[in-house]
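The entries follow the order in which I looked things up.

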Amino acid sequence: MDAVPYLALVSAVAGLILAVFFFQDVKKASPGSERMIFLMEEIQKGAKAFLKQEYTWVAGFAVVLAVIIGAVIDPLGAVSYLLGAILSAGAGYAGMTVATMANARTTEAAKDGPGKALPIAFRGGAVMGFSVAGLALGGLMVVYILFVTILESTKAFEIITAYGLGASTIALFSRVGGGIYTKAADVGADLVGKVEAGIPEDDPRNPATIADNVGDNVGDVAGMGADLFESYAGSIIAPISLVAFAVGLSADDIGGDALPLLMFPMLVAFIGMIASIIGSFLVKGGTSTDSKALSKALHLGTNVAMGLTVLGVLGGSLWLFGDSDQFDNPIGLAVSVIGGLIIGWALGKTAEYYTSDHYGPVKKIAQQTETGPATTILGGISAGMVSVSASVVLILAGVGVAFWGGQYAFADTGALGEIGGLYGIAVAAIGMLATTGVVVSVDAYGPIADNAGGIAEMAELDPSVREVTDALDSLGNTTAAVAKGFAVGSAALTALALFKSFEFAIKEASGGETVLNLNIGEIDVFIGLFLGAGLPFLFAALTIDAVGRAAQEMIEEVRRQFREIPGLREGKEGVVPDSARCVAISTAASLKEMIIPGALAVVVPLVVGFVSVDALGGLLAGSLVTGFALAIFMANAGGAWDNAKKYIEAGAHGGKGSECHKAAVVGDTVGDPFKDTSGPAMNILIKVMTIVSLVFASAFV
């Protein structure tokens, strides 16, 4: 049993080796003509320059927070925090590097059809997927082995939690900064290009096109990678911290009935990693550009990985818990994990229903474009809101199954039995993210396919190439919505487990004297509840407003170039736009605008916690509920608008250039910051606030 952390570490290394293998495999493919290579390198330069500046800015914030953690909690906590931050940033950078290399190669392969193009895009995404999973799990296991097993630190579990906070810090700023960048460029390019100038998407005449393609990589690859890194690490930390704080464990008294509970999350992560590695080799392209056929090919790896994880978790729970008197029915915890896995899959399928053009909601929005942008926007808002109801029902079903599984597993007697149901909920979150390697691979595939279409258009390749890349890109919108379903579902369960850990930590830090009060009849709890309920809306407003301001500047710049550069709008030979100016606008705006929303998530719980821990409890509860609902609403509404636009571009309701198409573009530009800036950052927000509260719990009392 003591070998489990080492097994998990070995599987993490195996995931990183696979990432290197896929990197080399993608690198061998041809990047195409000189023009395609030039475009690829321009996108690479823009993405690297942005990430370098972004990480420089965030590093200052991280150092300040590390100093505070070192002074208030433990100096080793600062080390753990910085390790989590550095690895998260590294995973994002690695994914961005290969994504900007795979885009032109996917375009070149698309000349031979989707059978060649899909595997290259997927394997480019798989570098991101297994970098995220390998670095997150590997770093966490190093922290556990070092501080718990070797050094036996008295604050070992606070130190482990600080690792999660480091990952959360990078995730929050990467999602917000990258999201503002990509959507400012996307909105500017679409509104001036498609609506005003009447030119196609990614047309080489459009000055914002390069910035738009850079944004896909810094937002939807690097930002998304940091997001899932944090989600994955947090889902493993949550049940470990729950056990540790519930029974007052320190590194020198681990043993007995608590040991298998600490090992189980790591065992699930090990099983999921091995299953993901196997599943990743099963993704193969076909000959059809039909999105259903492409979806089946792409999701085969995910489905196989999930099936193998189910079998592995059943065996693993019997091995860990079968010989202990503390557990009546060890299979119960397997039920919790498998329930989480199934609910995560169901949340993804719900997102697919509301965002895929094969189903009614997107077709209805496309039909509403016939009466203009207003009805288009109303249709998307409605679809997003309805999807929240379905997702809430699913998450509650998952909580119920996981809680039952946890209670069913534990014997009626013993101190650990008191946390059985909550432990079941905590490990259900790992179930959702156990196959992170292959889930992120499928998600990161989308931006690569999107960039491939952009390069095909800018390089003026045969329209048949764009037809293949458009089919791949449309599927990418749906896979992104599916991954967001996994992420936000796990965020809700992880935040709940961390919240309970926070409650135990408050009690332990005060010597059993302070018990968190969540009675809303108490004025401080009531105030905290409403502050928490309002905070996600403020956060969303700040990020959407940031996109709006940056997009305004971008729109004016594109209009200026069309107006002042002779022959640009007409496509005169030898006349090229000043793309570098648009890249600079997006970079400067996103870096400036990300600071306030990002700092909000850390500062507010600290301020409230030092005033009243009961108010902080209310704050966390309120933000969890509204943050979850807003995340689902924004992700699905945005995805629905985007695919309604693509559905029309494929020929429905008049096709490209029609009035319906213009209305759909307006809907899509509203949905862009919803699905790629504010929505994805929401699940990080609720976890950052909870994990900050947990790390600083002892300081509050």
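**Entry 1: D672.** I began with the surroundings of D672, which is in contact (heavy atoms within 4.5 Å) with K183, D186, V187, D190 and T677, leaving aside its neighbours within four places in sequence. D672 is placed in helix α19, residues 659–695; helices here are DSSP runs of H or I with at least four residues, numbered from the N terminus. I recorded D672 as buried, because its relative accessibility is 1%. On this scale buried means under 20% relative accessible area, exposed over 50%, and partly exposed in between, with a 1.4 Å probe and protein chains only.

**Entry 2: basis of the values.** I note that this is a predicted model, in which local features need pLDDT of at least 70 and side-chain atom pairs count only at pLDDT 80 or more, whereas totals for chains, interfaces and linings use all residues. Residues are numbered from 1 along each chain as its sequence is written, and side-chain values use heavy atoms, with hydrogens and water left out.

**Entry 3: α17 with α19.** I turned next to another partner of α19. Helix α17 (residues 595–611) packs with α19 at an angle of about 40 degrees, and their axes are 9 Å apart. The axes are lines fitted to C-alpha atoms over the stretch in contact, and angles run from 0 to 180 degrees between N-to-C directions. The two helices are therefore oblique to each other; angles under 35 degrees count as roughly parallel, over 145 as roughly antiparallel, 65 to 115 as roughly perpendicular and the rest as oblique. From α17, A601, V602, P605 and L606 meet L685, V688, M689, V692 and S693 of α19. Nonpolar covers Ala, Val, Leu, Ile, Met, Phe, Trp, Tyr, Cys and Pro, charged covers Asp, Glu, Lys and Arg, and the others, Gly among them, are polar.

**Entry 4: α15 with α17.** What is the angle at which α15 and α17 pack? I read about 160 degrees for helix α15 (residues 523–564) against α17, with the axes 9 Å apart. That makes α15 roughly antiparallel to α17. L535, L538, F539, L542 and T543 of α15 make the contact with I596, P597, L600 and V604 of α17. The class count is eight nonpolar, one polar and no charged residues.

**Entry 5: α3 with α6.** The axes of α3 (residues 75–110) and α6 (residues 209–246) come within 8 Å and cross at roughly 145 degrees. Among the residues in this contact are G84, G92 and G95 of α3 and N217, A222 and F229 of α6. I counted eight nonpolar, six polar and no charged residues by class.

**Entry 6: cysteines.** I searched the whole structure for disulfides, meaning a pair of cysteine sulfur atoms within 2.5 Å, and found zero. C582 is buried because its relative accessibility is 0%, and C660 is buried at 12%.

**Entry 7: positive phi.** Most residues other than glycine have a negative phi. E460 has a positive phi, near 55 degrees; it lies in the loop between α13 (436–458) and α14 and is exposed at 64% relative accessibility. H653 has a positive phi of about 50 degrees. H653 lies in the loop between α18 (613–649) and α19 and is partly exposed at 25%.
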